[in-house]
Amino acid sequence: MSENIIDTMQTSTAKSTLHSAASRRARFVVLALALILVGAAAISLLLGRYPIDPAQAVAMLVSKIVPVDPIWTEQQATLFFNVRLPRILLALMVGCCLACAGAAYQGTFQNPLVSPDILGASQGAAFGAAVAILLGVSSFTTSLFAFGFSLFTVLLVLLISSRARGNHMMVVVLAGVMVSSLFQAGVSYAKLVADPTDELADITYWLMGSLTGANMRDIAMVFPIMLVGCATLFALRWRINILTMGDDEAATMGVNARRARIVVIVAATLVTAASVCVTGMIGWVGLVIPHLCRMLVGADYRRLIPASMLMGASFLLIVDDVARLATTAEIPIGILTAFVGAPFFLYLITRKKKL
């Protein structure tokens, strides 16, 4: 009897030691990702066809707080504040949001193949943008159209799934696939009737995703939405852990799984819609980054969500640097994320371990 008690105590101690080691490793990884993010942002500020040295970059940033004798030209200041800085900020924000939404969706739907566009947010945004381009409105109004149609698409999916019978989560995913197909058909029709000299090119370029037109007005429009959505997902990350266990287990722990799932879906949809409406369709970030972070910090969403935010921001920023510097003609960022994401995901699904 005493030997069994001793064995149990030893097993419990070993598990506690392993858990503590895993926690320390996860904290170290998150800290390393934060440092990588800061370093990538600092280097990106200096990169470009019109170079700005570190002293000039620091002086220009400080000049917004306290008066500084200028050591830069007016052209450098215009480039720095109106082009390079907004683009870097938007890349960080969108990468953070897409990766965070992807991780939240994967936990909520208990499906490793789920991505932020599973409920049709991206296709709805694409249709809204295509309609706006056909109407000939401004780029800002195009972003508003994309955001509105993105939210409408997800609301339509949730309404359809609430009236259908069967496994609720499966019905939601199937409704998302069907509604996405409808809006994709709408985008195809918009391309068919678009003027090939300008409208068709604009629609096609928007669908490929790009950060070229980043500006402070777009950032000011989407930042509050992204902040609220990401903060909500970050605050609910422990509830996402419970959702992965199933509704019955959640009920025994005093968590209303249906209500928590709706809040997570709404928050993830908001950040996805806000991201897509200003950059176009950028795929793979929300699908691949959470898997990579899961390999580094484990499946605990208390650590997975912040790790995904940091890695997603760094990843999209680095890819955007390649997009604007690799060739004389800028490569749409959606193409590069597919080139990076698809092979990596093939590696994931061919591993012996489960996703």
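Predicted model: local features only at pLDDT ≥ 70, side-chain atom pairs only at ≥ 80, totals over all residues.
Local features need pLDDT of at least 70 and side-chain atom pairs count only at pLDDT 80 or more, while totals for chains, interfaces and linings use all residues. Residues are numbered from 1 along each chain as its sequence is written, and side-chain values use heavy atoms, with hydrogens and water left out.

For residues 331–349, the chain is 89% helix and 0% strand, with the end C-alpha atoms 28 Å apart. Helices (H or I, at least four residues) and strands (E, at least two) are DSSP runs, numbered from the N terminus.

Five aromatic pairs are present in the structure. Rings of Phe, Tyr and Trp (its six-membered ring) pair if their centres lie within 6.5 Å; planes under 30 degrees apart count as stacked, over 60 as edge-to-face and the rest as tilted. The pair of Tyr105 and Phe109 is tilted, because the ring centres are 5.8 Å apart and the planes stand at 35°. Tyr105 is buried (under 20% relative accessible area; exposed is over 50%, partly exposed in between; 1.4 Å probe, protein chains only), at 1%. Phe109 is likewise buried, at 7%.

Phe152 and Phe183 form an edge-to-face pair, since their centres are 6.5 Å apart and their planes are at 80°. Phe152 lies in helix α5 (residues 139–163) and Phe183 in helix α6 (residues 168–193), so the pair ties together parts that are 31 residues apart in sequence.
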